[in-house]
Amino acid sequence: MTAAAKGPASYFPSIEQKYGRPIAEWKDLIRASPLTRHMELVTWLKAEHGLGHGHANALVAHTLAESKSKSEAG
């Protein structure tokens with residue numbers, strides 16, 4: 001039995017189902033964006049890709065946290 005995802009990742013199944021793109025693709029879009037601030041990225045995902053606020057916020061939070069932990073580790 002797998003533990004349920006917590007935090008921003010708990011939104012991932014519904015994001016993939018609702019918007020038809022895998023999470024990896026959304027993360028690639030976020031990383032490729034020239035924007036770097038959390039709310040700028042959330043606003044961009046909402047305006048350009050039609051995501052709801054909660055879904056956009058979860059993707060950005062998870063992606064930025066991942067990027068931060070990778071840069072601190074390396």
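Which residues does P8 touch, not counting residues up to four places away in sequence? P8 touches A58, A61 and H62, where contact means heavy atoms within 4.5 Å. The model is predicted: local features need pLDDT of at least 70, side-chain atom pairs count only at pLDDT 80 or more, and totals for chains, interfaces and linings use all residues. Residues are numbered from 1 along each chain as its sequence is written, and side-chain values use heavy atoms, with hydrogens and water left out.

P8 is found in the segment before α1; helices (H or I, at least four residues) are DSSP runs numbered from the N terminus. With a relative accessible area of 30%, P8 is partly exposed. Buried denotes under 20% relative accessible area, exposed over 50%, and partly exposed in between (1.4 Å probe, protein chains only). P8 and V60 are 52 residues apart in sequence, and their C-alpha atoms are 8.8 Å apart in space.

Helix α1 spans residues 12–19 and has F12, I15 and Y19 buried. These residues cover an arc of only 60 degrees around the axis, which puts them on the same side of α1; the arc is that of the directions from the helix axis to the C-beta atoms. An α-helix has 3.6 residues a turn, so residues three or four places apart point the same way. The exposed residues P13, Q17 and K18 are carried by the face of α1 turned away from its buried side. The cover over the buried residues of α1 includes α2 and α4. Just after α1, G20 takes a positive phi of about 70 degrees.

The axes of helix α2 (residues 23–32) and helix α4 (residues 53–73) come within 10 Å and cross at roughly 70 degrees. Axes are lines fitted to C-alpha atoms, for helices over the stretch in contact, and angles run from 0 to 180 degrees between N-to-C directions. On the α2 side the contact is made by I23, W26, K27, I30 and R31, and on the α4 side by L59, V60, H62, T63, E66 and S67. Five residues of this contact are nonpolar, three polar and three charged. In this classification Ala, Val, Leu, Ile, Met, Phe, Trp, Tyr, Cys and Pro count as nonpolar, Asp, Glu, Lys and Arg as charged, and the others, Gly among them, as polar.

The largest nonpolar core has 14 residues, and I15, W26, L45, L51 and L59 have the most contacts inside it. Such a core is a set of buried Ala, Val, Leu, Ile, Met, Phe, Trp, Tyr and Cys residues joined through side-chain atoms within 4.5 Å. At least two residues of this core come from each of α1, α2, α3 (38–49) and α4. Not counting residues up to four places away in sequence, L51 touches Y19, W26, L45, K46, A56 and L59.

G50 lies in the loop between α3 and α4. Leaving aside neighbours within four places in sequence, G50 is in contact with Y19 and L45. The C-alpha atoms of G50 and Y19 are separated by 8.7 Å.
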